[in-house]
Amino acid sequence: MTKTPSIGPAGSARPLRLKRNVLGLVAVATMGAVIMSPSLGLYFNWAPMSITTGQIAPLIFLLALLISLPTAISYAMVSKELPAAGQAYTWLWRALRPSAGMWLGPVLVMYYLAGIWLVNMFFGLFFAELLRYFGIPNNPVAASVGIVLLGALTALIVYRDIRFNARVALGFMIFESLVAFALAVTILIKQGGQGHLTLAPFSFGNATAGFTGIKTAVIFGILSFIGYDYACVVAEESKTPRRFMPLGVLLAAVTVGLFWIVCSYAYSESVPLSDIPGYINSGFTAITPIAKVYWGPGRIFITISGLTASIGIYVAAVPVTARVLYAMARDGVAPKRLATIHPRTQIPANGVSLVLIVGTLGALVMSLLQHSYYNAYVWFGESSVFFALVTYILVNIASIAFYRRFLRERFNPVLNLIVPVVGIGLDLYVLWQSFFVALWDGPFGTGRSVVVFAVAWCIVALAYVTWLRASRPEVFAGKSFVMPEAGAAVEDVRADA
């Protein structure tokens, strides 16, 4: 195991580490749920779903939840035995072989970076919308200023300790959820009072583009759900990680999923389906024009909740991504400077700075290349889902391999075989049908280019592992760090892996 090069505050040789035993169940679940973002999952994904497949968004969210649950269970099963900031990267290293984890490391980082770039689009567009509310005309510069502003605001928060990050993220998530739910309740009361509520959103027979449309819409459904796994990255900083990691992961996925199903039903009953494309063209997110119909000037709360939700996601996503880089650097797989721990806050400060810079610049560059913030959003979202699905498939494999190799006495045929196999099958099917069929046959800018980039990055990751084997073979003889406090099971793995 490669030690972090940081030195303690008293000048001792004892390396610094992430702060231990500081996050409870609510904080752990928050780090996953806030990434999924109860409000933004609706504001940005409900409309593309509706355009793609009609009025059945609640069913798409339900389908995405069912697709996500087997993998969420696998995350819960492995995380309780192998708590580590490296998360899936470490699990593949331990369950299979070092090269498997090293290959997944860059894929996992790109999965998280794509999500960070996506959040920049959220904030930039809501910032431009806020300016329009006060009479400032729409222009691309406004969204770019918003992206830079998001990075600055986030920097004021993420250099504090992880507890402060979790509390801020929780506060923002509570506010955004209340606003999104309040609009849903308003719609249900008004439409119900006029006798306009139906069960059409819960019938697959109302899918306007048949199975093809459902396959494409599911990408946005899965995009909404990716993020529950972020909770596992803070395992080393949580209280009793073997207990809180599984609960935090499943709590994040299920509660936010149910929230989306309920609220998306209300939104699907709010306006005629034919109005949604025009709403998107007028401001990208269709929720604000809908809020104007029901709330009038009160629609400003949707814009404000979009801004705060974006900050909440960023406040969680930046430190989580930095911790994955920290874990890789600690093992000798990434540059050593990323393993440096700040002596006061005990965070990987260099990693935080790198993620903030790359997150801001990447979002600005892609938005310019796409000539459209909506197209950039679609591109980032699809890329994030691709890398998420690859990660999820491998986590399911890790669940089977780890328990079979090291914990045979705890191997459960349902939880450690049937559930992961179902997860692998679902993820593989969605990966193939949604990307190598649907997107490959779509426009290059927001379809085929995503597949080309994703496959190319996977090849780059393979080349990186090959380079590591040639230049630093000693790294392959080590073991990716896992908390020794996790118990005897982990010690057995450290001895045998």
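This is a predicted model: local features need pLDDT of at least 70, side-chain atom pairs count only at pLDDT 80 or more; totals for chains, interfaces and linings use all residues.
Colleague: Let's start with packing. How do you describe two packed helices in general?

Modeller: With the angle between their axes and the distance between the axes.

Colleague: Fine. What makes helix 1 oblique to helix 12?

Modeller: Helix 1 (25–36) and helix 12 (300–330) pack at an angle of about 120 degrees, with axes 8 Å apart. Roughly perpendicular covers 65 to 115 degrees and roughly antiparallel starts over 145, so helix 1 counts as oblique to helix 12. The crossing of the two is left-handed.

Colleague: How do you know which residues of helix 1 and helix 12 meet?

Modeller: Contact means heavy atoms within 4.5 Å. On the helix 1 side that gives Met31, Val34 and Ile35, and on the helix 12 side Gly312, Ile313, Ala316, Ala317 and Val320. By class, the contact has seven nonpolar residues, one polar and no charged.

Colleague: On to helix 2. Why is helix 2 called oblique to helix 7?

Modeller: Their axes cross at roughly 50 degrees and come within 9 Å. Roughly parallel needs an angle under 35 degrees, and roughly perpendicular begins at 65, so helix 2 is oblique to helix 7. Leu40, Leu42 and Tyr43 of helix 2 make the contact with Glu176, Val179 and Ala180 of helix 7.

Colleague: And what is the make-up of that contact by class?

Modeller: For helix 2 with helix 7, five nonpolar, no polar and one charged. Glu176 is in the contact, and Glu counts as charged.

Colleague: What makes helix 2 roughly perpendicular to helix 5?

Modeller: The axes of helix 2 and helix 5 cross at roughly 90 degrees and come within 12 Å. The perpendicular range is 65 to 115 degrees, so helix 2 is called roughly perpendicular to helix 5. Here Leu40, Tyr43 and Phe44 in helix 2 meet Phe122, Leu125 and Phe126 in helix 5. The residues of this contact comprise six nonpolar, no polar and no charged.

Colleague: Now the spaces. What makes something a cavity and not a pocket?

Modeller: In a cavity a 1.4 Å probe fits but cannot get out, whereas a pocket is open. A search of the whole structure turns up three cavities of 30 Å³ or more, and the largest cavity has a volume of about 200 Å³. Its lining has 19 residues, and Ile35, Leu118, Phe122, Leu223 and Ile226 are the closest to its centre.

Colleague: Which helix gives the largest share of that lining?

Modeller: Helix 5, with six residues. Helices 1, 2, 5, 8 and 12 each supply at least two. The lining of the largest cavity holds 13 nonpolar, six polar and no charged residues.

Colleague: How much space lies in the largest pocket, and which residues are closest to its centre?

Modeller: About 330 Å³. Of its 18 lining residues, Pro106, Val109, Leu325, Met328 and Trp457 are the closest to the centre. Helix 5, helix 12, helix 13 (349–370) and helix 16 (444–471) each give at least two lining residues.

Colleague: How does the lining of the largest pocket divide by class?

Modeller: Into 17 nonpolar, one polar and no charged residues.

Definitions and conventions. Residues are numbered from 1 along each chain as its sequence is written. Side-chain values use heavy atoms; hydrogens and water are left out. On a 1 Å grid over the protein atoms alone, a cavity is a set of points where a 1.4 Å probe fits but cannot get out, and a pocket is an open set with protein on both sides within 12 Å along at least five of seven lines; lining residues have an atom within 4 Å of a point. Grid points are joined across faces, edges and corners, and a volume is the space filled by probe spheres set on the points. Helices (H or I, at least four residues) and strands (E, at least two) are DSSP runs, numbered from the N terminus. Axes are lines fitted to C-alpha atoms, for helices over the stretch in contact, and angles run from 0 to 180 degrees between N-to-C directions. A crossing is left-handed if the near helix is turned anticlockwise from the far one by less than a right angle, and right-handed if clockwise.
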